[in-house]
Amino acid sequence: MIDFSGRIALVTGGGRGIGRAYAKALALRGALVIIQDSGAGADGQGSDPQVAASAAAEIVAAGGRAVAEPRPLSTRAQCHDIVTEIAARHGGLDVVIHNAGWVGYQTIEKLEPDFHERMMRLAVDTPLWLAQAAWPFMREAGFGRILLTTSDRAIYPEYALDGLASYAAAKMGAIGIVNVLAREGAPHGIGVNAISPVAKTRMWGVEGEPDELRPDSVAPGALYLVSPDCTASGWVMRASNGQFVATRAREAEHVAYPRDLAAVRADTPEEVAKTWSAIAVDDPELRWHSLVRQVARD
């Protein structure tokens, strides 16, 4: 059984929705959970300290351990202060799940600098500063797990929506962070991954418990990725309706980067146009049942 007894976990945006599901699941398996949530509205504005307090109280009432942290994570100093205080008070920090986020729409012609900066600050800057602050404690312990949040809306063109350019940029930025930090963390026992969860929450305009796409149905994937049992790093896990698939960009065989891409050669734009169908192969991802069928055929 995957056990978090003795582990200290920070869950941002842990007061509601998916973050709350993560926090409850971690506490149920023995973790002390610090629930960071400033209580901002669905637009990312405002604050309400009762959001974090309520989530922590629910866990404590059920026999778990949780601490509310209502301070924001808008600056490097705030991120470092919160992490340093957690480590000093509780003897370390084993897990950071950066779940906090908001969804905002502004089409490209109406995109405002403040809107874009707020989006990038929460989805790109905050996880960098949290990781930076937690890194020395995890490195010293020889163990750490960091989980960032990305989105299918950014990764897959099929799910792109008008007005989500800043959101998509930020969520793709999270994947870039994961790729680098997974490499930096490997020598120190620090695993870094991303999760792309789908659940009906207030971001969907849904209040209360949904009858499908429930937040708690994506929590098992997140818990595995931040557990001692997971040694995988640098992956993006998609999670929805109790189903999970992990993916990451992989280089093709026989490539000698950067000089030989083992690809179609073309010397003119016309040759690129002529061979486009070979250059841009539009195939769907494989799934496990497809691989099983392939093995059976072979």
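Predicted model: local features only at pLDDT ≥ 70, side-chain atom pairs only at ≥ 80, totals over all residues.

Modeller: Let's start with Pro258, which sits in the loop between β8 (243–247) and α8 (269–274). The peptide bond joining Tyr257 to Pro258 is cis, with omega at about 0°. His254 has its place in that loop between β8 and α8 too, and its phi is near 70°, a positive value in a residue other than glycine. Why point these two out? Because most residues other than glycine have a negative phi, and most peptide bonds are trans.

Together with Val264, Val272 and Ile279, Trp276 forms a nonpolar patch on the surface, and the four share about 340 Å² of accessible area.

For some context elsewhere, look at helix α3 (residues 76–90) and helix α4 (residues 113–141): they pack at an angle of about 35°, their axes 9 Å apart, and the crossing is right-handed. By class, that contact has eight nonpolar, four polar and one charged residues. The α3 side includes Arg76, Cys79 and Val83, which belong to the set meeting α4 residues, among them Trp129, Leu130 and Phe137.

One more stop: Arg7 forms a salt bridge with Asp94, with the closest N and O atoms 3.6 Å apart. Arg7 lies in the segment before β1 (8–12) and Asp94 in the loop between α3 and β4 (95–98), so the pair ties together parts that are 87 residues apart in sequence. The count of salt bridges comes to nine.

Terms used:
Residues numbered from 1 in each chain as written. Heavy atoms only, no water. Patch = residues over 30% accessible without salt bridge, like charges linked within 9 Å, V, L, I, M, F, W, Y side chains within 5 Å. Areas by Shrake-Rupley, 256 points an atom, 1.4 Å probe, with all protein chains shown as cover. Salt bridge = Lys/Arg side-chain N within 4 Å of Asp/Glu carboxyl O. Axes fitted to C-alpha atoms, helices over the stretch in contact; angles between N-to-C directions. Helix = DSSP H or I, 4+ residues; strand = E, 2+ residues; numbered from the N terminus. Left-handed = near helix turned anticlockwise from the far one by under 90°. Contact = heavy atoms within 4.5 Å. Nonpolar A, V, L, I, M, F, W, Y, C, P; charged D, E, K, R; others polar.
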